[in-house]
Amino acid sequence: MKHVTILITNEAVLASIVDPRIIFTGVNDFLAAAGKPPMFNVQLVGLEKEVKLHGGLFSVHTDAVLNDVKKTDLIIIPAFGGDMRTSIKRNEEFLPWIVDQHYKGAEAASLCVGAFLLAATGLLDGKECSTHWRFANEFREVFPQITLVDDRIVTEQKGLYSSGGATSYWNLLLYLIEKHAGRDMSIMAAKMFALEIDRKSQSPFIMFNGQKTHEDEPIKKAQEFIEANITEKISVEDLAIKYAIGKRHFERRFKKATNNSPLEYIQRVKIEAAKKHLESSRKNINEVMYDVGYSDTKAFRTVFKKITGLSPVEYRNKYNNVN
């Protein structure tokens, strides 16, 4: 039987505690109905026997205190709220325990921004990781030694797992069920909980917000120029000349400051504007394309799908709210 430890961290988001408990115990229920023994021993584990969450509105009574758990097989790190750096500090007592258990053979999976706590262990250094798209820039600032994969919902790196934003962690939970209980059990869980199985990307949900917390003023001005001139065709060469920086040096500085090349930034700003048009207007695809500075239909569709994971038509059909 696999021992699953769901950490009850300070500032934890209650849903990201309840949901993994429900799905793992749910698998046990499926097995019991088939006359089979349970597969998971699920425990809620915290620093104290009672952990108050959401400003004291809820209390979680843990099954065990952290240091009483000497061996586990799978650690679930829930999402947490508040300032990320403060939350890491408030939960730093978990870090050596997670590291020790991983070296003893335990896997560890972070849900949504729980990736910040998993990253703080140092176990992800030099590896890939996923988290909520809204916190991507902050994650890169705090953990530059980790490769953040913006769009991916599930990331696996040698027994370390992370998920994309918010409820996309259900896909990671299904992934873990499949790994430990088999594909059939994962499909059954997906059907019982009405989940879309095998969803790979959170790209359709990402709202691009350019990184501007850096101190490179010419690059910041270039970003602002791009954002203020969405309808124009802007080349990297023109930007380099405008801000009196050699093209190659401009590209290096832009990438370092924003985590995007100048071309990627231009494309993402334009596609973000196109998404808003498709969500809230009756304009056809060509009108939207021209409004964001594209004249080549194929190029627009290719870039749009690369960034969002959907074609412009698919995106409009999914998100347009205009009757």
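## Close-up views of a predicted model

Of the contacts in the protein chain with a separation of 6 or more, 64% are between residues 24 or more positions apart; contact here means heavy atoms within 4.5 Å. This is a predicted model, in which local features need pLDDT of at least 70, side-chain atom pairs count only at pLDDT 80 or more, and totals for chains, interfaces and linings use all residues. Residues are numbered from 1 along each chain as its sequence is written, and side-chain values use heavy atoms, with hydrogens and water left out.

**View 1. The whole chain has 14 helices and eleven strands.** Helices (H or I, at least four residues) and strands (E, at least two) are DSSP runs, numbered from the N terminus. Along the principal axes, the C-alpha atoms of the protein chain fill a box of roughly 65 × 45 × 35 Å. Of its 323 residues, 49% count as buried, a word that stands for under 20% relative accessible area with a 1.4 Å probe, protein chains only.

**View 2. Seven strands make an open, mixed sheet.** The strand order is E5-E2-E1-E6-E7-E11-E10, and two strands pair if DSSP finds at least two bridges between them. At the edges are strand E5 (64–65) and strand E10 (154–157), each of which pairs on one side only. Helix H1 (residues 15–33) lies across strand E1 (2–8), strand E2 (40–46) and E6, and runs at about 160° to E2. Axes are lines fitted to C-alpha atoms, for helices over the stretch in contact, and angles run from 0 to 180 degrees between N-to-C directions.

**View 3. Strand E7 pairs with E6 and with E11.** Let's look at its side chains to begin with. In a regular strand the side chains alternate between the two faces of the sheet. From strand E7 (residues 107–110), Glu 107 and Ala 109 point one way and Ala 108 and Ser 110 the other way, and all are buried. Four bridges link E7 in the parallel sense to strand E6 (residues 74–77), where Leu 74 stands opposite Glu 107. Strand E11 (residues 160–163) also runs parallel to E7, joined by three bridges. In E11, Tyr 161 is the bridge partner of Ala 109, and Ser 162 stands opposite Ser 110.

**View 4. Strands E3 and E4 form a hairpin.** Strand E3 (residues 50–53) pairs with strand E4 (residues 58–61) in the antiparallel sense over four bridges. Glu 50 stands opposite His 61 in E4. Four residues lie between the two strands, and His 54 in the turn has a positive phi of about 50°.

**View 5. Helix H3 is largely enclosed by the rest of the structure, because seven of its ten residues are buried.** The buried residues of H3 are Phe 94, Leu 95, Trp 97, Ile 98, Val 99, Gln 101 and His 102. What covers them includes E1, E2, E6, helix H4 (115–120) and E11. After H3 comes Gly 105, with a positive phi near 115°.

**View 6. Phe 254 sits in helix H10 (residues 247–258).** Phe 254 is buried, with a relative accessible area of 0%. Leaving aside residues up to four places away in sequence, Phe 254 touches Ile 219, Ala 222, Gln 223, Ile 226, Asn 259, Asn 260, Ser 261, Pro 262 and Tyr 265. Phe 254 and Ile 219 are 35 residues apart along the chain, yet 6.0 Å separates their C-alpha atoms.

**View 7. Helices H6 and H7 cross at roughly 150°.** The axes of helix H6 (residues 169–181) and helix H7 (residues 183–192) come within 7 Å. The crossing is right-handed: the near helix is turned clockwise from the far one by less than a right angle. Here Leu 174, Ile 177, Glu 178 and Ala 181 in H6 meet Arg 183, Met 185, Ser 186, Ala 189 and Ala 190 in H7. By class, this contact of H6 with H7 has six nonpolar, one polar and two charged residues. Ala, Val, Leu, Ile, Met, Phe, Trp, Tyr, Cys and Pro count as nonpolar, Asp, Glu, Lys and Arg as charged, and the others, Gly among them, as polar.

**View 8. Helices H11 and H14 are oblique to each other.** The axes of helix H11 (residues 262–280) and helix H14 (residues 312–319) come within 8 Å and cross at roughly 50°. Angles under 35 degrees count as roughly parallel, over 145 as roughly antiparallel, 65 to 115 as roughly perpendicular and the rest as oblique. Lys 275, Leu 278 and Glu 279 in H11 meet Pro 312, Tyr 315, Arg 316 and Tyr 319 in H14.

Conventions. Buried < 20%, exposed > 50% of the residue type's maximum accessible area, 1.4 Å probe, protein only.
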